[in-house]
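Subject: Structure handover and what turned up

Hi,

Here is the structure I promised to pass on.

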Amino acid sequence: MNSQTIAILFATLLVVAATLIPTYIISKRSATSEDDWAVADRSLPIYVVIGTQFASAMGGGILVGHLGNAYLNGVAILIYGFLTALPFFFILIPAKWLRQNNFSTVPEILRFFSNNNKLVGIVAAVMTIFVPFGWITSQITAFGSIYATITGLDYTMLCIIFVIVSLLFVMPAGLKTVAWTDFIFACFMIFMCIVCIVEVTNMGGGWSNIKANMDPAMLSMSGSINKLGAGTALLWVFSVLPGGVTNQIYFQRVCAIKEEKQIAKSLAISAFLAFLAFVWAVYMGMSISTLNPNLDQNSATGWFMAQLPTPVLAGFAALVFATMMSTVSSGAQSVVVNITRDIIGVLKPNVSSERMLFLSRALSLVTMAVATVMCLVFTDTLTWLVATYAFSAATLACPIYVGYLYRNKKFITTPGLIASMIGGCVGCAVAMVMETTINYAAIGIVVSFVALMVVSALTKPKKAE
């Protein structure tokens with residue numbers, strides 16, 4: 001093991017210790033309850049909510065995938081960033097209503113619209129689980145690949161260690177510990193992103209020199225879209241945006257904030273920071289393209305890391321760990337709360353809070369074990385990760401938002417909600433198999449909307465004469 005690997009491992013362990021110790025202290029201030037696990041006892045201050053929203057949204061994809069896309073295509077990647085930030089404003093529409101009704105999960109919302117129908121809740125829970133579970137597997141795989149490359153350590157061993165450490169962030173108190181660790185991670189992420197900008201700017205001889213050596217098409221939105229492909233940008237609209245507006249992880253943070261009046265501010269700042277992360281990725285990618293224009297886009301981050309002095313490299317590696325760990329821990333907590341509250345809790349409503357807390361911790365182990373096996377068997381998770389976004393959006397977007405808009409008009413019916421979810425899922429699947437020109441998520445959403453409105457109209461109770 002060389003000195004560079006030792007430095008990387010030391011920096012990573014330092015980040016783990018510096019994050020775990022204060023969050024464990026916070027979680028021990030009061031007895032852990034099942035509400036702590038699900039919504040942090042609805043006690044999170046605004047700065048923690050903003051930090052955990054930002055950390056969860058950033059993920060390892062920005063450090064590697066989107067930086068590489070910017071390296072190849074330029075400023076058009078900001079379209080993806082805009083579509084990532086926009087869901088926070090969609091969630092703002094029902095946000096105060098969500099907090100006032102003390103919801104904690106997406107299925108709870110749909111059960112409310114269906115007079116607590118069990119089938120609606122369970123189907124919604126299964127479809128809600130898809131996206132965070134996809135996040136877990138993709139981040140474990142990405143971490144193992146990156147750390148294996150920069151340290152020379154075994155991929156399988158790295159994945160297993162990463163999963164074990166992630167459980168340390170989830171097990172004490174669920175969302176309460178996840179949110180506080182995310183906040184600390186977010187502070188570290190922002191610091192290291194600034195360091196990286198300074199490093200790459202110095203390597204390129206300053207921004208004016210970087211700009212002079214850059215392909216002009218990469219700096220122009222129209223030229224960059226031509227390089228990227230208008231079809232790709234259009235596909236982003238139908239996958240990123242719908243997937244974001246139904247992402248339970250974002251909803252949970254709204255429901256966990258302490259002061260209702262701070263909801264709008266927290267979502268607006270979270271959206272700004274999420275977009276700013278893509279601005280960082282674009283600047284880094286485009287700058288690296290002037291330093292070495294002959295790389296494969298997926299190698300841009302790795303090449304940049306290889307040019308860094310050892311202390312900065314160790315810090316960047318810890319940044320990779322922090323971004324991926326925050327996403328994994330948030331995903332695991334979200335999956336478990338769906339299983340306990342929306343499946344077990346619906347089928348067996350009399351389970352005690354203490355028993356539910358025990359089940360939450362046990363299911364965290366099971367969830368991470370299943371995710372680890374999948375990562376070791378299927379190392380390419382990107383394709384089905386995109387599919388999970390599509391199916392989740394097609395199944396849940398219309399029931400959530402149309403249901404909210406009609407919540408006081410008694411138009412949306414339980415059969416309508418069931419038809420909407422089934423129709424969205426089937427429409428999405430058929431379009432994917434047929435490889436339709438229009439994105440299959442968009443077709444699923446249209447079918448879901450039509451089914452919701454038509455079946456609700458047909459099954460709406462008639463007014464008494």
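In which helix is the place of Val-377? Val-377 sits in helix α17. Helices here are DSSP runs of H or I with at least four residues (strands would be E, at least two), numbered from the N terminus.

Before the rest, the ground rules. This is a predicted model, so local features need pLDDT of at least 70 and side-chain atom pairs count only at pLDDT 80 or more, while totals for chains, interfaces and linings use all residues. Residues are numbered from 1 along each chain as its sequence is written, and side-chain values use heavy atoms, with hydrogens and water left out.

**Around α17**

Val-377 is exposed, with a relative accessible area of 54%. For the cut-offs, buried means under 20% relative accessible area, exposed means over 50%, and partly exposed is in between (1.4 Å probe, protein chains only). Val-377 also belongs to a nonpolar surface patch with Ile-160, Ile-164, Val-373 and Leu-376, and together these residues have about 430 Å² of accessible area. Patches take residues with over 30% relative accessible area and no salt bridge, joining like charges within 9 Å and nonpolar side chains (Val, Leu, Ile, Met, Phe, Trp, Tyr) within 5 Å. The areas come from the Shrake-Rupley method with a 1.4 Å probe, and for residues only the protein chains shown count as cover. Both α7 (155-170) and α17 supply at least two residues of the patch, with α17 giving the most, three residues.

Met-374 is in α17 too, which covers residues 353-377. Met-374 is partly exposed at 23% relative accessible area.

**The core and α16**

The largest nonpolar core has 143 residues, and the members that touch the most others are Ile-136, Ile-140, Tyr-147, Trp-280, Phe-316 and Phe-321. A nonpolar core is a set of buried Ala, Val, Leu, Ile, Met, Phe, Trp, Tyr and Cys residues joined through side-chain atoms within 4.5 Å. Helix α16 gives the most to this core, with 17 residues. Leaving aside neighbours within four places in sequence, Ile-136 is in contact (heavy atoms within 4.5 Å) with residues including Val-328, Val-335, Met-368 and Ala-371.

Ser-334 lies in α16, which spans residues 310-347. Ser-334 counts as buried, because its relative accessibility is 0%. Its side chain makes a polar contact of 2.9 Å with the side chain of Gln-248. A polar contact is a pair of N or O atoms within 3.5 Å; within protein, one must be able to donate a hydrogen and the other to accept it, and residues adjacent in sequence count only if both atoms are side-chain atoms. Beyond its neighbours within four places in sequence, Ser-334 is in contact with Pro-132, Gln-248, Ile-249 and Gln-252.

**Salt bridges**

There are five salt bridges in the structure, each a side-chain nitrogen of Lys or Arg within 4 Å of a carboxyl oxygen of Asp or Glu.

- Asp-342 pairs with Arg-111, the closest N and O atoms being 3.0 Å apart. Asp-342 is in α16 and Arg-111 in α5 (residues 106-113), so the pair ties together parts 231 residues apart in sequence. Asp-342 is buried at 0% relative accessibility, and Arg-111 is buried at 10%.
- Arg-253 and Asp-182 meet at 3.7 Å, N to O. This pair links α13 (residues 248-256) with α8 (residues 175-203), 71 residues apart. Arg-253 is buried at 0% relative accessibility, and Asp-182 is buried at 0%.
- Lys-227 and Asp-215 meet at 3.8 Å, N to O. Lys-227 is in α11 (residues 221-228) and Asp-215 in the loop between α9 (207-212) and α10 (216-219), so the pair ties together parts 12 residues apart in sequence. Lys-227 is partly exposed at 37%, as is Asp-215 at 34%.

Asn-116 has a phi near 65 degrees, a positive value in a residue other than glycine. Asn-116 lies in the loop between α5 and α6 (118-151) and is exposed at 53% relative accessible area. Lys-410 also has a positive phi, about 55 degrees, without being a glycine. Lys-410 is in the loop between α18 (382-405) and α19 (414-434), and is exposed at 72% relative accessibility.

Cheers
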